[in-house]
Amino acid sequence: MKNYDIVIIGGGPAGLAAAVSARENGIDRIIILERDKELGGILNQCIHNGFGLHTFKEELTGPEYAARFIEQVVAHDIEYNLNTMVMDISREKIVTAMNREEGLFKIQAKAVILAMGCRERPRGALNIPGYRPAGIFSAGTAQRLVNMEGYLPGREVVILGSGDIGLIMARRMTLEGAKVKVVAELMPYSGGLKRNIVQCLDDYGIPLKLSHTVVDIKGKERVEGVTLAKVDDKGKPIPGTEKYYSCDTLLLSVGLIPENELSGGMGVELNPVTSGPRVNESLETNIEGVFACGNVLHVHDLVDFVSEEAMTAGKNAASYVQGRCEQGMILSREEICIKAESGVRYTVPETICPAYMDDKLKVRFRVGGVYKNCCVCVYFDDENVSSRKKAVVAPGEMEEIILTKAQILEHPDMKTITLKIEEA
């Protein structure tokens with residue numbers, strides 16, 4: 001059996017940043033296990049720009065952003081295995097993986113960083129009636145076909161779901177000569193970033209129909225058209241609102257699901273809201289020495305935040321391996337629970353231990369609806385310690401607050417920190 005200090009599962013933006021951070025914090029024996037034939041993950045097919053503004057202070061395409069981190073991995077001489085599928089991780093941090101060259105092999109890790117990313121929700125999860133004709137693609141699959149393999153999936157397109165990938169593919173298909181007839185969204189608000197709605201739909205005159213869904217797909221061999229209908233506040237189609245659109249392609253951009261089969265199999269506790277692991281201030285799961293970062297933890301809107309989070313996970317995993325805990329701190333693992341209430345759907349992290357946290361801690365969260373002229377409020381137990389006014393908060397954009405160690409140590413008996421959205 002091989003032995004490594006840190007094993008990183010996934011060679012996308014999260015895995016790469018975590019590896020670089022762990023190396024820079026003094027860990028030598030690191031290996032990245034990636035199931036694809038190249039590093040970079042989903043960024044390799046994201047050829048549009050808009051990446052790197054926070055991390056590199058310049059606008060890059062997805063492959064350019066990935067290349068920056070791949071260069072750092074190579075420069076730091078960090079080991080990685082491509083075309084390698086991880087089959088299992090035990091609670092003792094034994095990683096079972098396989099590839100063509102080595103067959104089935106095991107690695108004993110001192111720490112594991114989960115960075116497997118996420119996948120798209122398929123048609124089967126939607127209960128759309130109709131046959132199963134050719135021409136129905138997830139937006140990410142269509143993106144790979146167009147950007148990496150040089151195929152155009154169709155000429156007349158309807159897109160269901162207004163997540164960022166769906167919005168970007170509306171623009172991409174238009175630029176490649178297809179006609180995007182409409183983007184339909186079940187919710188009364190878009191799930192994508194505001195800038196993507198403007199740059200990908202408004203700039204190209206593509207209509208966005210909120211509170212609409214597909215109720216029928218016509219065609220047996222190939223999609224011939226779809227029927228959209230308006231939905232009520234419970235998401236049920238309203239009779240009499242149906243409208244038919246002829247098309248040969250339906251793209252689905254209906255949400256992303258963190259890839260947590262390995263995590264669940266090893267006993268990591270998952271949050272039912274995010275479908276990602278529950279983590280503490282160090283991004284450590286309930287299993288000691290197992291950390292999570294990136295889209296496997298919760299779905300991010302910007303890759304810059306993925307990298308930032310992953311570098312934190314890499315630093316904390318390095319600290320865990322080196323056993324850099326001051327004497328006495330190990331005994332004091334008194335945790336404060338962070339609760340999401342009144343419009344806040346979840347927080348990352350969910351618990352913090354003041355003894356282990358850095359001087360400043362970034363708590364990221366998403367809201368459950370569109371709120372205008374509101375306040376993001378932080379309560380220490382029942383005391384309101386912070387109210388930040390916001391013109392608008394929406395589910396498509398991740399929000400954050402900063403907690404300081406000094407602030408928390410002033411409340412030694414505190415049991416819970418609560419985040420709420422309140423009227424301004």
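**Assignments and their criteria**

Reply: In this predicted model, lysine 315 and aspartate 358 are joined through their side chains by a salt bridge, with an N to O distance of 3.0 Å.

Me: What does the pair of lysine 315 and aspartate 358 tie together?

Reply: Lysine 315 belongs to helix α7 (residues 303-322), while aspartate 358 sits in the loop between β22 (351-352) and β23 (360-367), so the pair ties together parts that are 43 residues apart in sequence.

Me: Why is lysine 315 called partly exposed?

Reply: The relative accessible area of lysine 315 is 29%. Buried requires under 20% and exposed requires over 50%, so lysine 315, at 29%, is partly exposed. Aspartate 358 has 37% and is therefore partly exposed by the criterion that places this class in between.

Me: What makes the contact of glutamate 259 with arginine 35 a salt bridge?

Reply: The closest N and O atoms of glutamate 259 and arginine 35 are 3.3 Å apart. The cut-off is within 4 Å, so the contact qualifies as a salt bridge. Glutamate 259 lies in the loop between β18 (256-258) and α6 (261-265) and arginine 35 in the loop between β2 (30-33) and β3 (49-51), so this pair connects parts that are 224 residues apart in sequence.

Me: Which salt bridge joins glutamate 259 to arginine 119, and how is each of the two classed, buried or partly exposed?

Reply: The side chains of glutamate 259 and arginine 119 meet at 3.1 Å, N to O. Arginine 119 is in strand β9 (residues 118-120) and glutamate 259 in the loop between β18 and α6, so parts that are 140 residues apart in sequence are tied together. Glutamate 259 has a relative accessible area of 13%, which is under 20%, and therefore counts as buried.

Me: Which residues are linked in a network of salt bridges?

Reply: The network consists of Arg35, Arg119, Glu259 and Glu261. A search of the whole structure finds 19 salt bridges.

Me: What makes β24 a paired strand?

Reply: Pairing requires at least two bridges. Strand β24 (residues 371-380) has 9 bridges to strand β25 (residues 383-393) and 7 to strand β27 (residues 416-423), so both pairings meet the criterion. Each runs antiparallel. Cysteine 377 stands opposite serine 387 in β25, and valine 376 opposite isoleucine 421 in β27. β24 and β25 form a hairpin with 2 residues between them, and aspartate 381 in the turn has a positive phi of about 55 degrees. Of the 10 residues in β24, 7 are buried.

Technical notes:
Residues numbered from 1 in each chain as written. Predicted model: local features only at pLDDT ≥ 70, side-chain atom pairs only at ≥ 80, totals over all residues. Heavy atoms only, no water. Buried < 20%, exposed > 50% of the residue type's maximum accessible area, 1.4 Å probe, protein only. Helix = DSSP H or I, 4+ residues; strand = E, 2+ residues; numbered from the N terminus.
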